[in-house]
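Let's take a walk through this structure together.

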Amino acid sequence: MADTEPALCRSCGHDGLQTFLSLGKTPLADALVTEEQLTEEEAVFPLDVAFCPECALVQILGDVPPEMLFVDNYLYFSSFSDHLLAHSRDHALGLIERLDLGPDSLVVEIASNDGYLLRNFVEHGIPVLGIEPAPDQADAAETAGIPTRREFFGIELARELVESGQKADVIIANNVMAHVPDLNGFVAGMAHLLEDDGVITVENPSVDELVERCAFDTIYHEHHCYFSCLSVSALAARHGLSLNRVDSFPDLHGGTLRWSLGKKHEPHVSVARHVDAETEAGVGGYAYYEHFADEVNRVERDLRALLEGLKADGATIAAYGAAAKGATLVNVVGIGTDLVDFVVDRNTHKQGRYMPGTHLPIRPVEALLEEQPDYVLLLAWNFAEEIRNQQAEYERRGGRFIVPVPTPEVLS
Ligand code: DWN
């Protein structure tokens with residue numbers, strides 16, 4: 001997009017987008033740096049967030065090529081969170097029971113990662129198809145017995161699958177619809193691939209939770225969109241799909257909604273409940289977002305002051321979770337090795353690398369007990385309970401965790 005042309009809404013094409021937050025130019029959140037790359041210049045891209053007054057979609061401006069985001073060195077594996085695995089299992093078992101799925105059904109997951117969710121359907125003898133362009137994750141899925149197409153999903157792949165005789169009874173799209181540059185092609189593809197009485201479930205963190213928790217760190221280049229029931233409903237209707245159910249998971253990824261879509265208009269009472277709540281809160285209007293930047297500046301200021309104060313008092317500080325959100329936080333706030341000595345992460349693919357931008361070294365979680373830093377900044381704050389349970393010994397020895405949002409604070 002040339003600088004002079006107005007950005008168009010990713011959903012409805014409206015040309016009057018209203019920018020309400022600029023996080024500057026930041027490196028790609030999942031582009032963890034190897035030792036050899038430390039001296040190389042990292043690609044940085046603007047991170048500006050806008051609201052569409054026509055369809056209420058919140059979105060970032062500008063696109064980064066998907067291959068840069070999800071193929072070259074994509075290190076996110078879903079199976080490193082017990083909480084997410086349990087959530088996914090509940091989701092699968094609920095669908096199997098509610099839709100009476102069996103050996104004649106087909107369940108398709110878009111962005112199936114390492115098979116973390118589809119494995120539950122395979123265990124029940126239900127045919128599945130994973131769609132995952134990241135090679136290492138696709139390898140892990142196929143090793144787990146999940147047939148996987150290694151490409152990005154869109155209307156073209158949907159047409160190819162239908163022409164080969166495959167239509168889906170269930171399409172699952174968790175943490176992916178927010179990630180696609182061609183949003184309408186993606187939704188049109190799901191509608192085309194879906195059986196007439198089929199169900200699509202889409203999960204993403206909700207934009208109102210992002211604003212209420214000041215979770216600006218969940219804004220990064222792979223997250224093109226930040227959805228509400230209002231914007232999902234408008235997007236779905238454009239492709240002949242009805243928003244038929246909304247389920248809420250406040251403790252997943254900082255507040256996730258699951259939207260169930262179908263070709264039949266059969267709205268559950270949860271739809272009106274959530275839409276009315278969003279309307280009442282003002283999620284469909286610019287005023288809801290216009291002071292968000294001030295809140296972000298407050299968190300940046302207070303977090304930096306907290307860390308600098310602890311360091312001035314001679315404390316040692318580490319961090320937990322080489323998360324994409326952690327990359328946004330350390331780069332926007334400016335948290336380098338002057339404040340934080342290292343980051344720990346359970347994902348073995350991330351260990352030995354460095355955070356993008358500020359180059360915090362990433363180590364195995366055992367380093368917390370080896371080094372016993374005085375404080376640990378929870379970059380993966382969305383898994384605070386799971387991590388604190390896992391690191392009980394660190395806290396028993398006197399270590400303290402810090403959460404960065406909605407207000408930076410040392411946990412007791
Ligand atoms: O959209 C996305 C969100 C939903 O998940 C993906 N594109 C990328 C990812 O974002 P993230 O990297 O911020 O997500 P997580 O899952 O919050 O990252 C947690 C990090 O913490 C992972 O690197 C795994 C790690 N972890 C750990 O080391 N020990 C996680 C848990 C639960 C643990 O016990």
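## Sheet and domain interface

In this predicted model, six strands form an open sheet with mixed pairing, in the order β14-β13-β12-β15-β16-β17. The edges are taken by β14 (362-363) and β17 (409-410); each has a single partner strand, so one side of each is left without a neighbour in the sheet. Further in, β12 (residues 317-320) pairs with β13 (residues 343-344) in the parallel sense, over two bridges. Here Y320 of the chain stands opposite V344 in β13.

Now for the wider layout. The chain is divided into domain 1 (78-288) and domain 2 (304-410), and their C-alpha centres lie 30 Å apart. To the contact, domain 1 gives 16 residues and domain 2 gives 16 residues.

How much area do domain 1 and domain 2 bury between them? The value is about 1,400 Å², with 63% of it on carbon and sulfur atoms. On the domain 1 side, F80, F216 and D217 supply 42% of the area buried against domain 2, more than any other three residues.

The polar side of the interface can be listed briefly:

| Interaction between domain 1 and domain 2 | Count |
|---|---|
| Salt bridges | one salt bridge |
| Polar contacts (both residues at pLDDT 80 or more) | seven residue pairs |

By class, the side of domain 1 that touches domain 2 has six nonpolar, five polar and five charged residues. As for individual partners, R346 forms a salt bridge with D82, where the closest N and O atoms are 3.6 Å apart.

Technical notes
Residues numbered from 1 in each chain as written. Predicted model: local features only at pLDDT ≥ 70, side-chain atom pairs only at ≥ 80, totals over all residues. Heavy atoms only, no water. Domains from an automatic or database assignment. Contact = heavy atoms within 4.5 Å. Buried area = accessible area lost by both parts, 1.4 Å probe. Salt bridge = Lys/Arg side-chain N within 4 Å of Asp/Glu carboxyl O. Polar contact = N/O pair within 3.5 Å; in protein donor to acceptor, adjacent residues only side chain to side chain. Nonpolar A, V, L, I, M, F, W, Y, C, P; charged D, E, K, R; others polar. Pairing = 2+ DSSP bridges. Helix = DSSP H or I, 4+ residues; strand = E, 2+ residues; numbered from the N terminus.
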